[in-house]
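Dear colleague,

Please find a structure below for your study.

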Amino acid sequence: MTVLWLCLDEDDITPAQLAEVEALVPEWMVVVDRDPEAVAPHRDAIEVAAGWMDPAAAAQLPRVRWVQHWAAGVDRFTTRPALMEKDFVLTNGSGIHSIPITEHILAYLFAFARGLHCAVRAQVAHRWDKPPDPCRGDLFELPGKTMVLIGVGAIGARTAQTAAALGIEVIGVRRNPAQRVPGLRRTVGPAQLTEVLPEADFVVLTVPLTDETHHIIDDAALRAMKSTAIVINIGRGGTIDEDALIRALQEGRIGGAGLDVFETEPLPESSPLWDLPNVILTSHYAGHNPHYDDRALTIFRDNLRRYLDGAPLRNVVDPEAGY
C-alpha cells in the first residue's frame, strides 16, 4: 500500500483537516507522526512526505517522490548533495510567513524609531530615562527614510508594499532586477549592493541562505553603510558575518540591529549581541503565527491535488538556486 506521511504532531492538524487529506488519497494509508522512528515500518511504502521534515529522515525514504517541507527555508536540504541527488521533488512553505514576518520587520523599525529598545531596558532597571540618552541618536520618523531590501520573494514583496505605504523609499536587491514589484522605487542586482548601501537608513534581509547569499553582509558592506543605519535580518543568520556585525555595532559604525536569526542557534550566552544596547533580539520566531498550520495545509492540499493530477506543483525548490 502507498503511504502518505504527515510529519506533524497530532495537534498540528484537526480531524476535519485530516479527513480532507485522506479523501484525496482514499487508496493510500495516511500516517501522522512527528517521530521518524514511529513510521519506520512504512518507510519503503512512503511516496509523499509532508510537514516538519528532517532531511536525515527524508534521506531514509527509498520510494519518496515528493517532499513538502512546512517551512520556507530549505538550506538544510539543499546543502546535502547526496540527498538532493535523489529522484524526488522538494517544495516549501513559501508565502505562509509574509504577514507575520512583515509585521515583525515593522515592529523592529517602530521600536527603533520610538526608542522602545531603550525604554524596555530602562523599565527593567526601574530607571526614568528619556531618549536620546541612553539611546544612540534621536528619535525619528519612518516617512522619508530609505530601505534597502535584500530579497524580494513573497516576504520581501509584502514588506516593500507595506513600507512604501508608510512613506519609506524601498530599493530592492534581487537576482532578477528586471522583474517589477509594487512598492519598490527601483531594483538592482546583487552586484550593485555596495552601490546602494550608502543610501540605506534600513538594510533588511529576507533572503534564504545559499552559496551566493552567505555573508552577503560582510565587513565591507557594513563599512559602506551610514553610521545611523539599522540592519534587520529575519532570513538566515549565515547571510551576515556576525563577527563583523558585532564589531560594527560595538564601534558605533552602524546605528543598530534587529535580529531574529543567527549563525549559531540558540544564540550562545557568551555572544556580545545579548548586551549591546542598540540591538533587539528575538529567538527565530518572526514567522510564527496562529494560522501557520492552516496555511501550510492549504498549500499542501493544493499541491497534493496537483501531484495526483500530474500537474506542476507550487513552491518547487530549485536545487541549484537553493530555494
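The notes below describe some strands and helices of this structure.

This is a predicted model, in which local features need pLDDT of at least 70 and side-chain atom pairs count only at pLDDT 80 or more, while totals for chains, interfaces and linings use all residues. Residues are numbered from 1 along each chain as its sequence is written, and side-chain values use heavy atoms, with hydrogens and water left out.

Helices (H or I, at least four residues) and strands (E, at least two) are DSSP runs, numbered from the N terminus. Two strands pair if DSSP finds at least two bridges between them.

Strands β1 (residues 3–7) and β2 (residues 29–32) run parallel and are joined by 4 bridges. L6 has V32 in β2 as its bridge partner. With helix α1 (residues 15–24), β1 and β2 make a right-handed β-α-β unit (with the strands pointing away from the viewer, the path from the first strand over the helix to the second runs clockwise).

Helix α5 (residues 98–113) is largely enclosed by the rest of the structure, because 12 of its 16 residues are buried (under 20% relative accessible area, with a 1.4 Å probe and protein chains only). Among these buried residues are I101, L106 and F112. After α5 comes G115, with a positive phi near 70°.

Strand β11 (residues 256–259) pairs in the parallel sense with β10 (residues 230–233) over 4 bridges and with β12 (residues 279–281) over 3 bridges. Both faces of β11 are covered: G256 and G258 are buried on one side, A257 and L259 on the other.

Yours sincerely

Key: Buried < 20%, exposed > 50% of the residue type's maximum accessible area, 1.4 Å probe, protein only.
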